[in-house]
Amino acid sequence: MNNANLSNRSRQFSLGLYLLIVFGLSWPFQIASTIWATDLWSRFLLNSISMVMVSVGTFIAVRYVFRDGFGNAGWQWGKLKHYLAVFGFVALLWVFPTLIRLMAGALDPDDLDRTKLVWIFLLPLVALIPGFGEEFGWRGYMLPHLANRLSVRKAVALHSLIWWVWHLPITIGTGVQAGVEGAAQTNLPVALSVTITVLAVIIVGAIPTIMHGVVFAYIWTQSGSLAVATVYHAVYDGIRDSLAMVTGLPPIVATWASALLTILGIALLWKGNWKRLEEQSISN
């Protein structure tokens with residue numbers, strides 16, 4: 001009787017409706033960040049709230065709209081090897097090129113802002129809550145539902161595309177700010193400079209971001225753990241942002257990270273072992 005009533009009350013998952021709820025709750029904070037945030041901390045706060053609202057929107061969608069539960073989200077801690085792997089990968093992406101800069105003399109240790117060194121350790125901890133906000137929604141809930149409807153690789157690719165689209169307000173806002181600054185330096189009309197810069201930022205960042213979504217999906221799938229995926233998200237964002245404050249992140253470092261993420265994402269999408277996600281979709 002109870003199962004029958006639950007079935008009658010449930011509603012079939014709709015990707016469009018789910019995204020309407022999640023984007024509607026989270027995008028306003030990203031937009032506010034690009035328009036009104038005047039410093040690093042206000043941008044961090046607003047963007048973090050946007051990440052948390054992904055989780056809030058997912059909870060609302062599941063609890064009051066689709067009523068299909070969170071059973072496949074990945075409610076286990078994962079194994080030590082999974083945590084070591086994600087820490088090692090983040091070090092390869094951000095710490096390794098920073099050490100190369102130090103050894104090559106491109107970065108003078110005396111120029112480091114030592115008052116901000118603590119953030120290298122603190123920011124990853126602070127980023128755990130917003131990191132979970134995204135992982136619970138995108139990987140823990142949306143990805144398994146897409147895998148129920150599409151082939152596994154198509155599901156992963158679509159999920160990654162959606163994840164990139166979700167970041168567009170921040171991407172466009174960054175392009176607008178850079179375009180306005182560029183107009184002052186190049187004497188180009190502001191509208192032209194902003195248009196060129198926004199298009200360039202979107203085009204250059206699209207493939208690495210989408211492929212990073214594949215990497216996120218693979219980490220979540222292989223570990224079967226929201227905790228592991230959340231730790232990777234928090235450490236990635238925290239180390240990147242703290243190093244940007246302490247040492248700066250020149251284009252060569254960003255290019256290194258983007259290239260590695262793109263190569264790995266393509267390799268995983270093409271040849272990765274997605275058996276766990278496939279089995280999960282079959283069982284549902």
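Visitor: Where in the chain is R67 found?

Guide: R67 is found in the loop between α3 and α4 (80-104). The model is predicted: local features need pLDDT of at least 70, side-chain atom pairs count only at pLDDT 80 or more, and totals for chains, interfaces and linings use all residues. Residues are numbered from 1 along each chain as its sequence is written, and side-chain values use heavy atoms, with hydrogens and water left out.

Visitor: Why is R67 called partly exposed?

Guide: Buried means under 20% relative accessible area and exposed means over 50%, with partly exposed in between (1.4 Å probe, protein chains only). R67 has a relative accessibility of 32%, so it counts as partly exposed. Its phi is near 55 degrees, a positive value in a residue other than glycine.

Visitor: What makes N187 exposed?

Guide: The relative accessible area of N187 is 69%, and therefore N187 is exposed. N187 is found in the loop between α8 and α9. Although N187 is not a glycine, it has a positive phi of about 65 degrees.

Visitor: Why is K271 called exposed?

Guide: K271 has a relative accessible area of 60%, so the label exposed applies. K271 lies in helix α11. From K271 to T230 is 41 residues in sequence and 24 Å in space, C-alpha to C-alpha.

Visitor: Why is H212 called buried?

Guide: The relative accessible area of H212 is 5%, so H212 is buried. This residue lies in helix α9. Residues up to four places away in sequence aside, H212 touches W163, Y232, Y236 and L261; contact means heavy atoms within 4.5 Å.

Visitor: How many helices and strands does the protein have?

Guide: The secondary structure comes to 12 helices and 0 strands. Helices (H or I, at least four residues) and strands (E, at least two) are DSSP runs, numbered from the N terminus.

Visitor: What makes the protein as compact as a globular protein of its length?

Guide: The radius of gyration is taken over C-alpha atoms, and the globule rule is 2.2 Å times the number of residues to the power 0.38. For 284 residues that rule gives 19 Å and the protein has 20 Å, which is close, so the protein is as compact as a globular protein of that length. The C-alpha trace spans about 70 × 45 × 35 Å along its principal axes. Of the 284 residues, 46% are buried. Among contacts with a separation of 6 or more, 83% join residues 24 or more positions apart.

Visitor: What lines the largest pocket?

Guide: On a 1 Å grid over the protein atoms alone, a pocket is an open set of points with protein on both sides within 12 Å along at least five of seven lines, and lining residues have an atom within 4 Å of a point. The largest pocket is lined by 47 residues, of which I170, T171, T174, R240 and D241 lie nearest its centre. Helix α9 supplies the largest share of that lining, 9 residues. Helices that each supply at least two lining residues include α2 (15-36), α8 (168-186) and α10 (226-246).

Visitor: How many residues of each class does that lining have?

Guide: The lining has 27 nonpolar, 15 polar and 5 charged residues. Ala, Val, Leu, Ile, Met, Phe, Trp, Tyr, Cys and Pro count as nonpolar, Asp, Glu, Lys and Arg as charged, and the others, Gly among them, as polar.

Key. On a 1 Å grid over the protein atoms alone, a cavity is a set of points where a 1.4 Å probe fits but cannot get out, and a pocket is an open set with protein on both sides within 12 Å along at least five of seven lines; lining residues have an atom within 4 Å of a point.
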